[in-house]
Amino acid sequence: MIHVENLTKTFEMGESAVNALNGTSFTIDRGEMVAIIGPSGSGKSTLMSILGCLDVPSSGTYSLDGVAIENMDDIQLAEIRGRKIGFVFQQFNLLARTSALENVMLPLTYAGVRGKERQEQALKALERVGLADRTQHAPNELSGGQQQRVAIARALVNEPAILLADEPTGMLDSKTGMEILDLFQNLHNGNGQTVILVTHDPFVARHTDRIIKLSDGKILSDEINPHPILAGTPRPEEVI
Amino acid sequence: MLLSENFKVALRALRANKLRSFLTILGIVIGVATVVALLSIGNGATASITNQIRSTGSNLLNISPGRQQVGFRGGGETRQASHLYYEDYELLQRTLTQNISAIVPTVQSSYTIKYGDQSLDTSVSGTTAGQKDVRALQVANGRFLTDGDNKSDALVAVLGSQIATDLFGSTPPVGNNISINGMKFMVVGVLESKGASFASPDDNIFIPIQTGYDKLFGSTAAFNGKQTLNAILISVKTTNAMNTVSAEATYLLRRSHKLKPSEDADFNIMNQADILNTLNTVTQTLTIFLGAIAGISLLVGGIGIMNIMLVSVTERTREIGLRKAVGATRNQILTQFLIETLTLSLLGGIIGILLGVLTATIFRVTGLISSVITPSSILMAFSFALAIGVFFGLYPAFRAANLHPMEALRYE
C-alpha cells in the first residue's frame with residue numbers, strides 16, 4: 001500500500017542545507033491504523049507532506065498503491081491528492097462563509113464530479129460523521145468538534161486510500177478530542193480505512209495499532225501496539 | 001473544473017468582502033468612465049468643428065495677407081507689412097473666370113455700435129453681395145447687401161443674430177438706424193444664427209464695401225494710397241478645380257505684387273480642406289491627450305486591483321493550501337485568482353462605461369460640451385480595462401499558484 005525507502009528531504013537554508021528526513025524506510029499495509037510520533041523538528045511534518053503528496057522527496061522512493069510518486073509533476077500530484085488522500089488538519093481548514101455541504105463537495109469539484117452525484121456523495125460523507133442535520137451550517141455556526149467532523153467528511157468524500165490526519169485533536173478539548181479519535185477508530189475498524197495519525201502526543205498515538213517514532217529525520221522505533229487504547233478512556237493523569 | 005465553477009468561486013469571494021470589492025473596482029470604474037467621457041468629448045469637438053467648417057460654405061479658398069514663415073530667417077532685414085489690395089480683388093475678378101462661382105472681398109475693422117442707449121464694440125465687415133452665398137449665410141429678416149448698395153454707396157447694414165439681439169432686444173431691427181462709429185446706417189437685414197462657431201457671423205455687421213472705403217474705414221483700410229483688404233474668398237465650382245484655381249490666383253497675385261521668384265509670397269491661400277485637416281489634427285491630438293490622462297487613471301485603478309489581490313492572496317494562504325491539498329492543480333488556482341481579478345475589472349468596466357455614457361449624455365443634453373459617444377471608444381475603454389485586469393491579476397495569481405501547499409496550510 002505505502003512503501004517508502006531511503007527517503008531524504010533536504011531544505012536549503014541560505015548557505016547550509018538541513019536534512020529534515022534522513023533515509024527513512026517503512027511499509028504500511030491497507031487497513032492499518034498507524035501513528036507517526038515525534039517532537040517538533042523530528043521531521044514528521046516533512047514526512048507527512050511527502051506521504052500526502054504535497055511535496056516530493058529529495059531522494060529515495062515512495063510508492064502509493066503501486067504507483068511511484070517520487071518523480072511526479074504538479075498536475076499528477078494534485079490528482080493523486082484528490083483521489084487517494086484525505087487530509088485532516090489541526091486547524092480544520094474549512095472555507096469560511098461556506099456551508100458544511102459545500103465544504104465537503106470541494107474535493108469532488110476538483111475531481112470533476114458534478115451536479116446531483118456530487119451532492120449525494122457529500123451528504124453521505126456528512127452522514128458517516130454524524131452531521132446529517134448540519135449540512136447547511138457555515139463553520140462559524142458549528143462547534144470545534146463539529147467543524148473537525150466536517151473536515152473528516154471532506155477527507156472521506158473521495159473514498160481515499162489513506163486518511164492522513166495531522167494533530168487532529170490539537171485544537172479540541174479532551175472530551176471532543178476523544179470523540180474524534182473514536183470516529184477514526186470506527187472508520188478503521190468498521191470500514192477498514194487506512195489511517196495515519198501524525199501527532200506529538202504519546203497518549204493519542206496509543207489509540208492506534210502501530211507507532212512509528214521519528215527523531216532527527218530517522219525512525220527511532222517502529223512497533224506494533226498490541227492493545228490500542230479505546231477512545232474515551234481517560235488520560236492516565238486524569239485518573240488521579 | 002468548469003469555468004463556470006471558477007466564476008462562482010470568484011463571485012463568492014468578491015461577495016464575501018462587498019465593501020472592499022466595491023472600493024477596488026472604483027478605481028477601474030472611474031478610469032473607464034473618464035476614458036469614455038473624455039473620448040466622447042474629444043470626438044464631439046472634432047465633429048462640431050468639422051460641421052462648422054462645412055457650414056461656412058464648401059469649396060472655399062481664403063486668401064489673406066501675410067508671409068508664410070518657414071524656418072528661421074536670419075539677418076537684420078526689416079520686413080514690410082504685407083497687404084492685399086482691392087485692386088488684387090479686381091484683378092482676380094477680371095482674370096479668373098473658369099470654375100469660379102464667386103469672388104468676394106472683405107475688409108474688417110472694429111467699431112463702437114450704438115442703438116438708443118445700447119452700445120457695444122464689434123467687428124464691421126465691408127463686403128459685396130456674394131458674401132451671402134459664399135459663406136452660406138441665411139437671412140432671417142429683411143435682405144442681404146446687394147450690388148446696388150455698393151454702387152450707390154448706401155448707408156445700410158446687415159446684422160448678425162447676436163448683434164441684433166444685443167442691440168435691439170425684442171424690437172424688430174429692420175428699418176431702424178444704428179450708429180457705427182458715429183455714422184448712421186439703416187438696418188436692412190438680420191442673419192440667422194449659425195451658433196457659436198469658427199468664424200461665426202453672429203457677432204458681425206456687414207456693410208457695402210464701397211460705403212466702408214468712402215465713409216467709414218478711412219486710413220485703417222488704406223496703404224500707400226491703395227485700398228486694402230483683409231481677405232478675398234473664392235468659391236470654386238468643383239473640388240477638383242480647387243488646386244488649379246489656387247495656382248492661378250497665386251500666379252496672378254505674385255505678378256501683381258511684383259515678387260521675385262526667390263521671394264516668399266506675401267499672402268496665404270488657405271483651402272478649406274487644409275483648415276479642416278489642421279483643426280482635425282489639433283482635435284485628434286487633444287483627444288489622444290485626454291484619453292492618455294484617462295488611461296493613467298485606469299492604470300492607477302489597475303494597481304489598486306493588484307494591491308487588493310495581493311492582500312487577498314496573503315489572507316487566503318491557508319485556503320489556497322487547502323484547495324491544493326484536496327486536489328487543485330497549480331493552474332486551477334491560477335485560473336481562480338485570475339478570474340477574480342477579471343471579474344473585478346469586468347464589473348468595473350461595465351459600470352464605468354455606463355457612468356461614462358451617462359456623463360457624456362449629460363454634457364450633450366445640457367449643451368455644456370458637445371460629445372459624441374462612439375462604439376470604438378467604448379470598446380477601447382472596455383478592452384483596456386480587461387487588459388489591465390489580466391496584467392495586474394497575473395502576478396497575484398502566480399503568487400497564489402506557486403505557494404507551497406504544506407507551507408500555505410501552516411500559514412498563520
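Two strands count as paired when DSSP finds at least two bridges between them. The model shown in these views is predicted.

**View 1. Strands S1 and S4 of chain A pair in an antiparallel sheet.**
Strand S1 of chain A covers residues 2-13, and strand S4 of chain A covers residues 59-64. Their antiparallel pairing runs over 5 bridges. Within this pair, A:Thr8 stands opposite A:Ser59 of S4(A). The sheet around them is open and has 4 strands, in the order S2-S1-S4-S5 (chain A). Its pairing is antiparallel. Strand S2 (16-28) and strand S5 (67-68) of chain A form the edges. Each of these edge strands pairs on one side only.

**View 2. An open sheet of 6 strands in chain A has mixed pairing.**
Follow the strands across in the order S6-S7-S8-S3-S9-S10 (chain A). Strand S6 (85-88) and strand S10 (218-224) of chain A each have a single partner strand, so one side of each has no neighbour in the sheet. From one strand to the next, the twist averages 15 degrees. Strand S3 (residues 33-37) of chain A pairs with strand S8 (residues 194-199) of chain A in the parallel sense. That pairing spans 5 bridges. Here A:Ile37 stands opposite A:Thr199 in S8(A).

**View 3. Strand S7 of chain A is mostly covered.**
Of the 5 residues in S7(A), 5 are buried. In a regular strand, side chains alternate between the two faces of the sheet. A:Ile162, A:Leu164 and A:Asp166 point one way from S7(A). A:Leu163 and A:Ala165 point the other way. S7(A) is joined to S6(A) by 4 bridges, and the two run parallel. In that pairing, A:Val88 has A:Ala165 of S7(A) as its bridge partner. S7(A) is also joined to S8(A), by 5 bridges and again in parallel. There, A:Asp166 stands opposite A:Val198 in S8(A).

**View 4. Helix H5 of chain A lies across S6 and S7 of chain A.**
The helix covers residues 144-156 of chain A.

**View 5. A:Ile196 belongs to the largest nonpolar core.**
This core has 119 residues. A:Val104, A:Ala153, A:Ile196, B:Val32 and B:Val36 touch the most other members. Helix H2 (residues 18-55) of chain B supplies the largest share of the core, with 13 residues. Which residues does A:Ile196 contact, leaving aside its neighbours within four places in sequence? They are A:Ile28, A:Val34, A:Ile36, A:Leu51, A:Ile162 and A:Leu164. A second, separate core has 50 residues. Its members include B:Ile113, B:Leu145, B:Ile163 and B:Val188. In soluble globular proteins, nonpolar side chains tend to be buried together.

**View 6. Chain B touches chain A.**
In this contact, 17 residues of chain B meet 20 residues of chain A. On the chain B side, helix H1 (3-16), helix H10 (317-325), helix H11 (330-366) and helix H13 (405-410) each supply at least two residues. H10(B) gives the most, with 5 residues. By class, the chain B side has 9 nonpolar, 3 polar and 5 charged residues.

**View 7. B:Phe7 lies in helix H1 of chain B.**
Is B:Phe7 buried or partly exposed? A residue is buried if 20 or more other C-beta atoms lie within 10 Å of its own, and exposed if 12 or fewer do. B:Phe7 has 15 such atoms within 10 Å, so B:Phe7 is partly exposed. B:Phe7 and B:Gln336 are 329 residues apart in sequence. In space, their C-alpha atoms are 7.7 Å apart.

**View 8. Strand S1 of chain B pairs with S12 and S13 of chain B.**
S1(B) covers residues 60-65, and strand S12 of chain B covers residues 231-236. They pair in the antiparallel sense over 4 bridges. B:Ile63 stands opposite B:Ile232 in S12(B). Strand S13 (residues 267-271) of chain B is joined to S1(B) by 5 bridges, also antiparallel. In S13(B), B:Asn268 is the bridge partner of B:Ser64.

**View 9. Chain B is assigned two domains.**
Domain 1 takes in 3-52 and 278-410. Domain 2 spans 67-265. The C-alpha centres of these domains of chain B lie 54 Å apart.

Key:
Residues are numbered from 1 along each chain as its sequence is written. Chains are lettered from A and ligands numbered from 1 in the order in which they are written. This is a predicted model: local features need pLDDT of at least 70, side-chain atom pairs count only at pLDDT 80 or more; totals for chains, interfaces and linings use all residues. Domain bounds come from an automatic or database domain assignment. A nonpolar core is a set of buried Ala, Val, Leu, Ile, Met, Phe, Trp, Tyr and Cys residues joined through C-beta atoms within 7 Å. Two residues are in contact if their C-beta atoms, placed from the backbone, lie within 7 Å. Axes are lines fitted to C-alpha atoms, for helices over the stretch in contact, and angles run from 0 to 180 degrees between N-to-C directions. Ala, Val, Leu, Ile, Met, Phe, Trp, Tyr, Cys and Pro count as nonpolar, Asp, Glu, Lys and Arg as charged, and the others, Gly among them, as polar.
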